[in-house]
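Have the structure open and follow along.

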Amino acid sequence: MANLEVNDCLPLGIAAQEINKDYKLAYTSRQVSLIGRREVMSGKAKFGIFGGGKELAQIAMAKVIRDGDFRSGYYRDQTLMFATGTGTYQEYFAQLFAHAAVEADPWSAGRQMNNHFATRSIDSNGNWNNLMDLINSSADISPVGSQMPRLVGLAYASRLYNEIEELRHMTQFSRNGKEIAFGTIGNGTCAEGMFWESLNAIGVLRSPSIITIYDDGYAISVPNDYAMVKQDISKLLSGFQRRPETHDGFEIFVVHGWDYPNLVKVFRKAEKITRQENVPSIIHVIEMTQPQGHSTSGSHERYKPQDRLDWEIEHDCISRFRAWILSQKIATPDELDQIELESKKDAESARKNAWEAYTAQLLLERNSVAHILSQLETNTPRKNELINIKDNLLSKPSPLRRHTMSAILDALIVIRDENHPEKEKLIELNRKFKTENGERYGSHLYSQIGDSALHVPVIEPVYQPDSPTVNGYEVLNACFDAALSRDPRIIAFGQDVGRLGGVNQAFRGLQKKFGELRVTDTGVRELTIIGQAIGLAMRGLRPIAEIQYLDYLIYALQIISDDLATLRWRTAGGQKAPVIIRTRGHRLEGVWHSGSQLSGIINLVRGLHVIVPRNMTQAAGFYNTLLAAEEPGLIIEVLNGYRVKEILPANIGTFTIPLGIPEIIRHGSDITVVTYGSTCQIVLEAADNLQRVGIDVEVIDVRTLLPFDINASILESLKKTGRIVFIDEDVPGGATAYMLQEVIERQGGYFWLDSEPHTLPGKAHRPAFGSDGDYWSKPNAEQIFETIYEIMNEVNPNKYPNFFS
Ligand SMILES: Cc1ncc(C[n+]2csc(CCOP(=O)(O)OP(=O)(O)O)c2C)c(N)n1
């Protein structure tokens with residue numbers, strides 16, 4: 001382990017002027033933290049978390065981070081953002097105030113709490129910006145440790161750009177893969193499993209990353225004794241240390257957080273090793289402090305003993321920096337005092353400007369309502385009530401939109417029986433504000449522009465007289481072969497995907513054809529398979545990440561939900577990660593290979609497309625659609641479909657299937673059955689039997705759960721039949737209930753029902769093993785028959801008398 005001594009590092013070769021500039025930066029960064037806390041305490045902002053005590057390490061990091069590099073960090077990194085010029089003090093306050101505009105808070109347009117950073121990778125048309133012109137920050141999220149899985153892909157992308165010849169032309173994303181992915185993480189979070197999984201993956205993938213651990217001894221109130229063996233993360237990590245001159249493993253450094261010269265030296269050394277040799281580094285920054293406590297939620301005096309508090313004052317990195325500058329005679333005390341004075345002014349004026357900009361629009365909105373209320377007062381008998389509403393609205397110290405909205409409704413309640421032109425104006429404002437704010441706070445969950453999967457032109461599959469009939473897996477194999485040939489950005493990986501070609505053979509022979517980097521095996525690590533995909537996609541590549549079975553998607557569901565699904569929304573359209581997740585499920589044998597946890601999934605991954613094709617041709621069409629767009633999507637293939645025969649379309653690499661468009665797979669007039677995936681086949685069997693007793697069933701395959709039937713075509717079927725059943729393999733109240741809500745409530749199906757709507761899901765327990773276990777755990781053809789027959793029996797008992805129970 002490279003443990004440097006202070007004297008090793010002199011001379012630094014940094015001009016006095018630059019050191020003074022660094023001091024100003026560190027000092028101003030601390031000032032904005034202090035002012036930020038004050039703003040929260042005075043009620044102007046709701047919550048604050050700050051980077052005090054971590055300034056110097058970030059200033060040192062900023063000296064080695066280059067255009068094109070990526071950061072995946074957490075909420076302590078404000079100084080890095082200021083030092084690299086990727087954020088201003090005013091933007092910092094804008095985010096603290098939750099100023100909901102990209103122009104004010106380009107990191108999140110007020111959608112994220114403060115100190116959650118993100119640079120803008122895409123423009124307002126969804127086109128990639130030149131990432132080589134930016135010091136890129138992948139968008140932060142609050143679940144601690146969640147910055148680590150995507151770091152795997154951000155770092156691995158450099159290797160791919162370096163080693164895959166066909167990617168060399170993508171100079172907007174990489175210069176021969178020389179970019180480093182910088183990770184930052186707190187000591188406490190190193191107890192998370194995802195930290196270890198990510199570290200191991202980065203090591204195995206030999207990818208250029210510098211991971212900096214900020215160690216202030218605590219995770220909120222919990223000291224390291226409770227968090228890790230030996231209470232020392234770099235001791236624990238020593239097994240990752242590479243042997244001299246080898247490339248397997250990490251270079252590990254330990255350095256003090258208050259030690260400017262050594263921090264600079266360590267970062268320089270780490271950068272050299274990582275950038276030139278492609279060996280990842282870990283920098284354990286010890287003896288950091290947290291002068292403002294964890295966040296505005298509490299004060300650290302409650303849990304840190306007095307001697308620790310005293311120690312923190314003594315080891316504060318800014319006062320130590322000042323002392324060092326003076327000891328080196330780089331500046332005089334007067335000069336530093338002057339810098340501090342200017343810093344305070346800069347910080348205060350940034351706060352003031354941010355507050356004025358934030359409140360300007362809100363005041364405008366508030367005043368427009370107050371103005372209408374004043375006009376109304378003059379010709380209503382309920383004048384006093386309106387004056388009260390107006391005064392109450394104007395008396396709020398922070399003009400929040402919610403106050404304006406309650407004032408509007410309050411006033412409308414008061415004058416509900418009166419007629420004035422001003423009342424119409426108020427109703428109009430109510431409508432306008434709802435529309436504007438729906439967009440302001442909710443836009444970009446999915447793409448609203450040209451890279452949307454919903455804009456991909458439909459190309460029908462072409463069948464010729466000599467089109468061969470093949471196994472389902474061969475349909476996918478041909479689709480992936482065509483995709484990999486067409487587009488060098490496509491990178492497929494997962495457990496057994498490479499050498500074996502996937503457990504169901506869809507990638508058979510493709511590693512041999514396209515090379516080990518394009519079609520790759522991974523370790524058994526679902527979370528970081530997805531993280532790898534997110535990072536690659538953020539750097540312009542098109543990963544197809546495979547999770548071997550749907551049941552194991554749960555391991556990665558947190559990161560899909562928190563990171564991938566929210567990315568475009570939480571950056572208000574500033575970043576995207578068009579990841580395709582491929583998995584298989586629904587139906588095989590046994591508890592852990594036949595789950596169909598769709599309700600859990602669809603409700604956690606809004607922001608992704610969720611596609612549940614009934615066969616492999618359908619799946620291929622959807623892969624082509626997603627690959628033609630730039631949005632993330634999950635495709636769940638049916639596990640029992642790989643050996644089912646299908647006709648191979650002549651245009652297997654290009655035909656597309658639109659999202660959100662159900663398909664009627666059997667026409668009928670008595671009752672509508674809505675289903676998807678592997679139950680399609682079972683419902684069709686039941687429908688044949690129902691035909692024998694005179695019941696004509698219309699069967700609809702919804703094909704995609706997100707989006708769901710965008711043209712309300714199921715409603716058209718319901719209008720015809722008046723009866724509807726939703727069937728799938730999820731638990732009761734699961735995705736069948738979701739479909740029911742979509743059709744009956746959203747589409748207005750309620751008004752067309754002649755019978756009570758039904759759901760027929762799987763059982764609440766997990767699917768039992770064996771064919772009979774499956775039969776008694778999931779909807780089967782007999783049960784479907786009986787359920788539908790009973791509905792028809794209720795409609796016409798004479799025509800459909802009960803004969804089976
Ligand atoms: C997954 C998750 N668990 C818990 C929390 C609540 N939480 C926020 S910060 C924090 C402590 C993190 O400590 P550390 O990693 O040492 O970073 P520091 O805040 O000290 O810089 C916790 C437990 C969270 N945000 N995410």
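How many residues of β19 are buried? The strand is mostly covered, with 5 of its 5 residues buried. Before going on, a word on what you are looking at. This is a predicted model, in which local features need pLDDT of at least 70 and side-chain atom pairs count only at pLDDT 80 or more, while totals for chains, interfaces and linings use all residues. Residues are numbered from 1 along each chain as its sequence is written, and side-chain values use heavy atoms, with hydrogens and water left out.

Some terms first. Buried means under 20% relative accessible area, exposed means over 50%, and partly exposed is in between (1.4 Å probe, protein chains only). Helices (H or I, at least four residues) and strands (E, at least two) are DSSP runs, numbered from the N terminus. Two strands pair if DSSP finds at least two bridges between them.

In a regular strand the side chains alternate between the two faces of the sheet. In β19, Ile671, Val673 and Thr675 sit on one side and Thr672 and Val674 on the other, and all are buried. Strand β22 (residues 724–727) is also covered on both faces: Ile724 and Phe726 are buried on one side, Val725 and Ile727 on the other.

Now for the partners. β19 (residues 671–675) runs parallel to β22, joined by 3 bridges, and Val674 stands opposite Phe726 in β22. β19 also runs parallel to strand β20 (residues 697–701), this time with 5 bridges, and here Val673 stands opposite Val699. β22 in turn pairs with strand β23 (residues 758–760) in the parallel sense over 3 bridges, with Val725 opposite His758.

**Salt bridges**

A salt bridge here is a side-chain nitrogen of Lys or Arg within 4 Å of a carboxyl oxygen of Asp or Glu. By this rule the count comes to 54 salt bridges. Here are some of them:

| Pair | N to O distance |
|---|---|
| Glu271 and Arg66 | 3.6 Å |
| Glu271 and Arg275 | 2.8 Å |
| Arg582 and Glu546 | 2.6 Å |

Glu271 and Arg275, by contrast, both lie in helix α8, 4 residues apart, about one turn of the helix. Glu271 counts as buried because its relative accessibility is 12%, and Arg275 is buried at 14%. Arg66, at 38%, counts as partly exposed.

Then there is the salt bridge between Arg582 and Glu546, at 2.6 Å. Arg582 lies in strand β14 (residues 580–585) and Glu546 in strand β13 (residues 542–546), so the pair ties together parts that are 36 residues apart in sequence. Both Arg582 and Glu546 are buried. Elsewhere, salt bridges that share partners join Asp451, Asp487, Arg489, Arg542, Arg568, Lys576 and Glu630 into one network.

Most residues other than glycine have a negative phi, and most peptide bonds are trans. Which residues go against that here? Arg206 has a positive phi of about 45° although it is not a glycine, and this residue lies in the loop between α6 (193–204) and β5 (209–214). Asp496 also has a positive phi, near 70°, and is in the loop between β11 (490–494) and α16 (510–514). As for peptide bonds, the one from Leu706 to Pro707 is cis, with omega near 0°. Pro707 is found in the loop between β21 (704–706) and α23 (713–721).

**Out on the surface**

Patches are made of residues with over 30% relative accessible area and no salt bridge; like charges are joined within 9 Å and nonpolar side chains (Val, Leu, Ile, Met, Phe, Trp, Tyr) within 5 Å. Glu685, Glu782, Glu786 and Glu790 gather in a patch of negative charge. Helix α26 (residues 781–795) gives the most to this patch, with 3 residues. Glu786 lies in that helix and counts as partly exposed at 33% relative accessibility.

Tyr750, Phe751 and Trp752 form a nonpolar patch with about 420 Å² of accessible area together. Phe751 lies in the loop between α24 (735–746) and β23, and is exposed, with a relative accessible area of 67%.

Conventions. Areas by Shrake-Rupley, 256 points an atom, 1.4 Å probe, with all protein chains shown as cover. Lys, Arg positive; Asp, Glu negative; His and termini not counted. Charge placed at Lys NZ, Arg CZ, Asp CG, Glu CD.
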